[in-house]
Amino acid sequence: MGSEFRFDASDDVYALHTEVCKLFTSPVKLKMLEAFGKDERTVEELSRLIRIRQPNTSQHLSLLRKTGVASARKEGSNVYYALRDPRLLDALKKHEGCAL
């Protein structure tokens with residue numbers, strides 16, 4: 001008899017992986033990840049760089065924060081967003097290589 005197969009992670013971990021992978025299906029979110037992957041950005045900066053309206057930018061950022069991909073830091077009246085883990089940008093680059 002062969003050995004029994006065991007999954008390496010819990011269902012919660014797989015669910016989180018699924019949510020993070022969904023981010024890779026949105027061109028807007030991919031642009032956002034690149035835009036604040038190296039530098040903190042405000043909603044205004046992201047909206048201007050990606051060329052979408054600020055309310056739309058805020059909605060995308062909300063999802064990125066909810067999944068733990070983005071962090072936010074308030075300074076005065078500005079909120080600065082950043083990538084929580086730079087390895088996600090590395091994963092994005094590897095994914096691009098597979099797609100091309």
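Predicted model: local features only at pLDDT ≥ 70, side-chain atom pairs only at ≥ 80, totals over all residues.
In soluble globular proteins, nonpolar side chains tend to be buried together. The surroundings of L64 can be listed residue by residue: when positions up to four places away in sequence are set aside, L64 touches L23, K29, M32, L33, F36, V69 and A70.

The packing of helices around α4 was examined next. Two packed helices are described by the angle between their axes and the distance between the axes. For α2 and α4, the axes come within 11 Å and cross at roughly 75°, an angle that makes α2 roughly perpendicular to α4. The contact is formed by V28, K29, M32 and L33 on the side of α2, and by T57, H60, L61, L63 and L64 on the side of α4. By class, the residues of this contact divide into six nonpolar, two polar and one charged. Within α2, the residues K29, M32, L33 and A35 are buried, and because these buried residues fall within an arc of 165° when seen down the axis of α2, they line one face of the helix. Three of the buried residues, K29, M32 and L33, also take part in the contact with α4, and K29, M32 and L33 are likewise listed among the residues that L64 touches.

For α3 and α4, the axes come within 9 Å and cross at roughly 110°, so that α3 is roughly perpendicular to α4. Here the contact involves V43, E44, L46 and S47 of α3 together with Q54, T57, S58 and L61 of α4, and the residues concerned comprise three nonpolar, four polar and one charged. T57 and L61 of α4 take part in this contact with α3, and T57 and L61 also belong to the contact of α4 with α2.

The buried residues of α3 are V43, L46, S47 and I50; seen down the axis of α3, they fall within an arc of 100° and therefore line one face of the helix. These buried residues pack against α2, α4 and β2. V43, which lies in helix α3, counts as buried because its relative accessibility is 13%, the cut-off for burial being under 20%. With neighbours within four places in sequence left aside, V43 is in contact with Q54, T57, S58, L61, V79 and Y81. Of these partners, Q54, T57, S58 and L61 are the residues of α4 that make the contact with α3.

The helix α3 is followed by R51, the phi of which is positive, near 65°. Most residues other than glycine have a negative phi, and most peptide bonds are trans. R51, a residue other than glycine with a positive phi, is placed in the loop between α3 and α4, and because its relative accessibility is 76%, R51 counts as exposed.

Two further positions differing in their surroundings may be described. S58, located in helix α4, has a relative accessibility of 35% and therefore counts as partly exposed; S58 is also one of the α4 residues that make the contact with α3. The C-alpha atoms of S58 and R84 are 17 Å apart in space, the two residues being 26 residues apart in sequence. P86 is found in the loop between β2 and α5, and with a relative accessibility of 54% P86 counts as exposed. P86 and A15, which are 71 residues apart along the chain, have C-alpha atoms separated by 21 Å, whereas the C-alpha atoms of V43 and P86, 43 residues apart along the chain, are separated by 20 Å.

Notes. Residues numbered from 1 in each chain as written. Heavy atoms only, no water. Contact = heavy atoms within 4.5 Å. Helix = DSSP H or I, 4+ residues; strand = E, 2+ residues; numbered from the N terminus. Buried < 20%, exposed > 50% of the residue type's maximum accessible area, 1.4 Å probe, protein only. Axes fitted to C-alpha atoms, helices over the stretch in contact; angles between N-to-C directions. Parallel < 35°, antiparallel > 145°, perpendicular 65-115°, else oblique. Nonpolar A, V, L, I, M, F, W, Y, C, P; charged D, E, K, R; others polar. Arc of directions from axis to C-beta.
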